[in-house]
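Subject: Structure for you to take over

Hello,

The structure I am handing over to you is placed below. My notes on it follow.

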Amino acid sequence: MKILHLDTNHPLLLNQLNDLGFINDEDYTSSKEEIKLKIKDYDGFIIRSRFSIDKTFLDAATNLKFIGRVGAGLENIDCDYAESKGITLISAPEGNRNAVGEHSLAMLLSLFNKLNKADNEVRNGKWLREDNRGIELDGKTVGLIGYGNMGKAFAKKLRGFDVKVLCYDIKDNVEDENATQVSLQKLQEEADVLSLHTPETPLTIGMVNQDFINNFKKPFWLINTARGKSVITSDLVSALKSGKILGAGLDVLEYEKASFESLFSSTLPVAFQYLIEAQNIILSPHVAGWTIESKEKLAQTIVNKIKAKFC
């Protein structure tokens, strides 16, 4: 079987697939149209997020047996059409779930303790102890929307704190010893913190909007390490201004390009301008699952799944 690699990944991916007897070609620079002209020669390809995989691309891949996506989500692939053509879709949420759980916790604790604000002030000669008095996580209720690999990893990290963890998911019976599954209404009634761990789907795009926010009984903190388009940024800013949302840790943004490799090329949106100036906001460039360790784990997960299916 011949595999085309469209993004650079941990070297173990190529090395182990070579050892398993696969023929591996690499093309990290050609355009989508150029790749489309030769994709018929391959049984599989491995990608991160360089471009979307649509019907016309899949129609050109006449011998394709699998697509490996070195990451958690598959929203850049027309999954229904791929599966209708008998193509196996392979992703690796197990590979970066721990990294996402740690990053979510780091954002939350930094927000509660005003670490970014305090660090910047001390560097600029300000010693404002009372102004940087933090709050404690113990005693709070943390609500998780989406309780798959990422949500479960974050809940596991919270076990060391005296917190109540609730989860809401469209699937039934996903709760475990680390979180209690509840209705969305109950989560919105009780949560002091909301953390998103959902894929990008028609159900989640624009999910966190004004009505959704207003349905929370208490002011709350928001963590989003999932997908940027789940949160309508202008509605988030309105809630921050009113105090309905107390602060936010955002690893992902509504304005990201589909490849996740850049933000935007036009003028900064007004809502984003507010975020970058606000002291109760922490931003990172879609790196929650992007650790040294997860790079290796993601690659290994893809190898293991290809081996299990095709060897």
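Leaving aside residues up to four places away in sequence, Ile-3 touches Leu-17, Phe-22, Ile-23, Asn-24, Asp-25, Tyr-42, Gly-44, Phe-45, Ile-46 and Phe-66, where contact means heavy atoms within 4.5 Å. Ile-3 belongs to strand 1 (residues 2-5). Its relative accessible area is 0%, so Ile-3 is buried; buried means under 20% relative accessible area, exposed over 50% and partly exposed in between, with a 1.4 Å probe and protein chains only. The C-alpha atoms of Ile-3 and Asp-43 are 6.0 Å apart, although 40 residues separate the two along the chain.

This is a predicted model, in which local features need pLDDT of at least 70 and side-chain atom pairs count only at pLDDT 80 or more, while totals for chains, interfaces and linings use all residues. Residues are numbered from 1 along each chain as its sequence is written, and side-chain values use heavy atoms, with hydrogens and water left out.

The sheet

Helices (H or I, at least four residues) and strands (E, at least two) are DSSP runs numbered from the N terminus. Two strands pair if DSSP finds at least two bridges between them. Seven strands form an open sheet in the order 8-7-6-9-10-11-12, with parallel pairing. Strand 8 (180-181) and strand 12 (281-283) are at the edges with a single partner strand each, so one side of each has no neighbour in the sheet.

Strand 9 (residues 193-196) pairs with strand 6 (residues 141-145) in the parallel sense over four bridges, and Ser-195 is the bridge partner of Leu-144. Four bridges also join strand 9 to strand 10 (residues 220-224), again in parallel; here Ile-223 is the partner of Ser-195. Strand 10 in turn runs parallel to strand 11 (residues 245-250), with five bridges between them, and Leu-222 stands opposite Ala-248.

In a regular strand the side chains alternate between the two faces of the sheet. In strand 9, Val-193 and Ser-195 point one way, Leu-194 and Leu-196 point the other way, and all are buried.

Lys-114, which follows the helix, has a positive phi near 55°.

In helix 7 (residues 149-157), the buried residues are Met-150, Gly-151, Ala-153, Phe-154 and Ala-155. They pack against helix 5, strand 6, strand 7 (164-168) and strand 9.

Cavities

A cavity is a set of points, on a 1 Å grid over the protein atoms alone, where a 1.4 Å probe fits but cannot get out; lining residues have an atom within 4 Å of a point. Grid points are joined across faces, edges and corners, and a volume is the space filled by probe spheres set on the points. The structure holds two cavities of 30 Å³ or more.

The largest cavity has about 80 Å³ of space. Among its 13 lining residues, Arg-48, Ser-49, Arg-69, Asn-76 and Ile-77 are the closest to its centre.

The second largest cavity has a volume of about 50 Å³. Its lining consists of Asn-224, Gly-228, Val-231, Thr-233, Leu-236, Leu-250, Val-252, Leu-253 and Glu-254.

Regards

Key: 1 Å grid on protein atoms, 1.4 Å probe; cavity = no way out; pocket = protein on both sides within 12 Å on 5 of 7 lines; lining within 4 Å.
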